[in-house]
Amino acid sequence: MSSFNTPNFRGWRAVIVHRHSENMDRLVRQLARLGIEAELVWPSLDGVESADIVFFDGDNAYDGVFPWPEGHAPVPMIALMGSEAPGRLEWALRQGVSAHLLKPIGSGGVFSTLVFAVANFNQQQQMAAEIAEMKSKARLRPVVVRTVISIMQQYGVDEDAAYKLIRDEAMKRRQSIEALCESGFFDPGNGHHSPPKNKRKHTGSR
């Protein structure tokens, strides 16, 4: 796992999706002490998309409350939970929650919750990117195979030499092998590449 630097929250903007209460006033004050500007919104969510972090009422919020697809929040999400009802916990998890904070809000715990939320969100984003990359590679694997076979047929080289040509060109162009093959760069007759100089197949004596 990559190293994590504890963020400096000064200058951040938080949106709290919750009805006004003494609990929320306490949360706003604690966030202010950390340098975070907090805005309480309910039921309208104006400005939520420009927030750096979102707190939401895990007990009373509902499907479709957020302006993004369920589980795809663009910022860390912290559930404010007073209930331990399985249905409410399941709903909060579906939103892609990064951390939770128990209600009533106490005198501490907000800073550590923020740190965990940011760390978990970053890890979730990294994992999502890695999964997307693996899916893309799996989807394009047949394209790479077809390109290797095409180069072997065009130039009479073996599989290793054909793959090396693709790899070298991808490195030169700073592209992935899959993206380069998908672009059609090696299609016959496009004139964009030169045949490999080594590892030609032996065709017998002349």
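In this predicted model, G82 is in contact with D59 and K103, once its neighbours within four places in sequence are set aside. G82 itself sits in the loop between strand 4 and helix 2 (86-94). Its C-alpha atom is 9.5 Å from that of I105, a residue 23 places away along the chain.

P104 belongs to the loop that links strand 5 (99-102) and helix 3. Another backbone feature turns up at R174, where phi is near 55°, a positive value although the residue is not glycine. That residue is part of the loop between helix 4 and helix 5. As background, most residues other than glycine have a negative phi, and most peptide bonds are trans.

Now for the helix packing. Helix 3 (residues 110-155) packs against helix 4 (residues 159-173) at an angle of about 115°, and their axes are 9 Å apart. Angles from 65 to 115 degrees count as roughly perpendicular, and helix 3 and helix 4 are therefore roughly perpendicular to each other. Their crossing is right-handed. On the helix 3 side, the residues in contact are V144, T147, V148, I151 and M152, and they meet E159, A162, Y163, L165 and I166 of helix 4. Sorted by class, this contact comprises eight nonpolar residues, one polar and one charged.

Turning to charged pairs, the model has 11 salt bridges. One of them joins R13 and E39, whose closest N and O atoms are 2.5 Å apart. Since R13 is in strand 1 (residues 13-17) and E39 in strand 2 (residues 37-41), the pair ties together parts that are 26 residues apart in sequence.

What is the mean pLDDT of the protein? The value is 86, with 89% of the residues reaching 70 or more. Among the elements, strand 4 (residues 77-81) has the highest mean, at 96, while helix 5 (residues 177-182) has the lowest, at 86. Residues 199-206 are another matter: pLDDT stays under 50 over that stretch. For those residues the model has 12 contacts beyond four places in sequence.

Conventions
Residues are numbered from 1 along each chain as its sequence is written. This is a predicted model: local features need pLDDT of at least 70, side-chain atom pairs count only at pLDDT 80 or more; totals for chains, interfaces and linings use all residues. Side-chain values use heavy atoms; hydrogens and water are left out. Axes are lines fitted to C-alpha atoms, for helices over the stretch in contact, and angles run from 0 to 180 degrees between N-to-C directions. Helices (H or I, at least four residues) and strands (E, at least two) are DSSP runs, numbered from the N terminus. Angles under 35 degrees count as roughly parallel, over 145 as roughly antiparallel, 65 to 115 as roughly perpendicular and the rest as oblique. A crossing is left-handed if the near helix is turned anticlockwise from the far one by less than a right angle, and right-handed if clockwise. Contact means heavy atoms within 4.5 Å. Ala, Val, Leu, Ile, Met, Phe, Trp, Tyr, Cys and Pro count as nonpolar, Asp, Glu, Lys and Arg as charged, and the others, Gly among them, as polar. pLDDT is the predictor's confidence in each residue, from 0 to 100. A salt bridge is a side-chain nitrogen of Lys or Arg within 4 Å of a carboxyl oxygen of Asp or Glu.
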